[in-house]
Amino acid sequence: MQDFRLEKYLSDGVERILRGILRVSDPRGSFFMLKFMAAEKRARRLREIAEEEGGHIPPFLIASITSQCNLHCKGCYARASGACAEGQPEGELSGAQWNDIFDQAEKLDISFILLAGGEPLMRRDVIESAGRHKKVIFPVFTNGTLMQEGCLTLFSENRNLLPVLSIEGGKEQTDARRGSGVYQRLRQAMGSLKKWSLLFGASVTVTRENLYEVTSEEFLGELGTNGCKAVVYVEYVPADGKTEYLAPGEEEREALEKRIRKLREEQEDMVFISFPGDERASGGCLAAGRGFFHINASGGAEPCPFSPYSDTSLVHTSLKEALQSPLFSRLQESGSLEKFHTGGCALFEQEQLVKDLLQGER
């Protein structure tokens with residue numbers, strides 16, 4: 001690992017993702033992607049310069065733009081951590097504040113900001129703002145149940161916004177976790193996106209129970225028929241403390257990795273992304289600013305969505321300064337990001353350590 005260069009690894013990953021998106025895009029989307037890829041070459045060089053000067057800039061961010069959600073999915077990490085709750089939310093960042101964060105990210109040459117929640121489509125104002133920042137691609141991770149004509153128009157006019165619909169497999173698996181009738185509503189949303197010729201993907205939470213179903217030719221063939229062009233596999237994290245048995249173990253992770261490699265070789269009409277992916281290849285977990293960090297709905301800078309602890313707020317601190325937060329620095333220096341873990345998140349399994357580091361201990 002002595003020759004491992006984090007910036008090169010991350011930028012190569014960005015390039016692979018962009019090439020994949022270009023490959024599956026329609027003519028209008030291809031035009032946008034070619035322009036974006038040209039700008040990304042410049043952004044990559046600027047990130048390299050920052051790295052040489054000791055100022056590492058990750059190419060990814062995750063932003064939970066709201067704590068509101070219209071569903072109650074089983075095992076939801078946001079509800080388990082209290083980041084998603086009932087009633088009118090208090091302390092959420094305004095549309096203007098999110099716009100300022102997006103401005104800062106664009107100037108830092110951050111390439112991707114993943115928009116999540118809660119349900120991000122409940123903050124139309126923030127998504128409209130994101131659409132205006134053409135130097136950043138915003139995958140919008142949505143449950144798909146609010147995909148109405150206004151949203152379709154927004155995605156059509158702003159090709160840097162990429163809808164990613166959450167699905168757990170077929171009807172039985174999806175409705176069991178997300179609620180009765182959700183699978184059918186997802187099918188309808190996909191049909192609308194396909195009708196509008198919009199590029200979209202699917203986000204699949206991988207568990208021990210659905211691993212082989214969601215990587216099967218049958219499931220992926222159905223997604224493809226419905227117009228889906230990308231699949232993001234996310235390892236399940238038992239944030240509710242009651243479903244550890246669902247988290248993929250080492251055997252399941254290896255099976256998933258092997259299957260994704262094969263899918264990438266055989267299916268050129270679809271892009272496959274795995275999170276957290278092969279952490280051995282990336283020198284460990286990419287959270288806490290190594291490859292990304294998470295901004296919660298009130299502006300707190302957190303290592304990742306599954307480790308919701310913060311000592312720095314974007315309300316009072318710039319994005320560049322947040323990357324140097326004491327908690328992030330301690331996590332990177334502690335070696336905790338490199339530790340073996342059995343669930344989908346290294347820091348989730350080291351919750352007490354993160355709390356101690358937050359207090360400046362250890």
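Ile21, Ser25, Gly29, Phe32, Met33, Phe155, Arg159, Leu161, Leu162, Pro163, Leu198 and Leu199 line the largest cavity. A cavity here is a set of points on a 1 Å grid over the protein atoms alone where a 1.4 Å probe fits but cannot get out, and lining residues have an atom within 4 Å of a point. The model is predicted: local features need pLDDT of at least 70, side-chain atom pairs count only at pLDDT 80 or more, and totals for chains, interfaces and linings use all residues. Residues are numbered from 1 along each chain as its sequence is written, and side-chain values use heavy atoms, with hydrogens and water left out.

The volume of this largest cavity is about 90 Å³; a volume is the space filled by probe spheres set on the grid points, which are joined across faces, edges and corners. Two or more lining residues come from each of helix 2 (27-52) and strand 4 (161-166). Helices (H or I, at least four residues) and strands (E, at least two) are DSSP runs numbered from the N terminus. By class, the lining has 9 nonpolar, 2 polar and 1 charged residues. In this scheme Ala, Val, Leu, Ile, Met, Phe, Trp, Tyr, Cys and Pro count as nonpolar, Asp, Glu, Lys and Arg as charged, and the others, Gly among them, as polar.

Helix 2 also packs against helix 1 (residues 6-24): their axes come within 10 Å and cross at roughly 180°. Axes are lines fitted to C-alpha atoms, for helices over the stretch in contact, and angles run from 0 to 180 degrees between N-to-C directions. Helix 1 is therefore roughly antiparallel to helix 2, a label for angles over 145 degrees, while those under 35 count as roughly parallel, 65 to 115 as roughly perpendicular and the rest as oblique. On the helix 1 side the contact (heavy atoms within 4.5 Å) includes Glu7, Lys8, Leu18 and Ile21, and on the helix 2 side it includes Met33, Arg44, Arg47 and Glu51. The residues of this contact divide into 8 nonpolar, 2 polar and 10 charged. Ile21 and Met33 belong to this contact and also to the lining of the largest cavity.

The whole structure holds 2 cavities of 30 Å³ or more.

Helix 8 packs against helix 7 (residues 171-178) at an angle of about 110°, with the axes 8 Å apart. The two helices are therefore roughly perpendicular to each other. Lys171, Thr174, Asp175 and Arg178 of helix 7 meet Val182, Tyr183 and Leu186 of helix 8. This contact has 3 nonpolar, 1 polar and 3 charged residues.

Gly95, Trp98, Asn99 and Phe102 in helix 4 meet Asp125, Val126, Ser129 and Ala130 in helix 5. These residues divide into 4 nonpolar, 3 polar and 1 charged.

Some backbone details remain. Most residues other than glycine have a negative phi, and most peptide bonds are trans. The peptide bond from Gly117 to Gly118 is cis, with omega near 15°, and Gly118 lies in the loop between strand 2 (112-116) and helix 5. Phe275 and Pro276 are also joined by a cis peptide bond, with omega about 5°; Pro276 is in the loop between strand 7 (271-275) and strand 8 (294-295). Ser197 is not a glycine, yet its phi is positive, about 55°. Ser197 is found in the loop between helix 8 and strand 5 (201-206).

Conventions: 1 Å grid on protein atoms, 1.4 Å probe; cavity = no way out; pocket = protein on both sides within 12 Å on 5 of 7 lines; lining within 4 Å.
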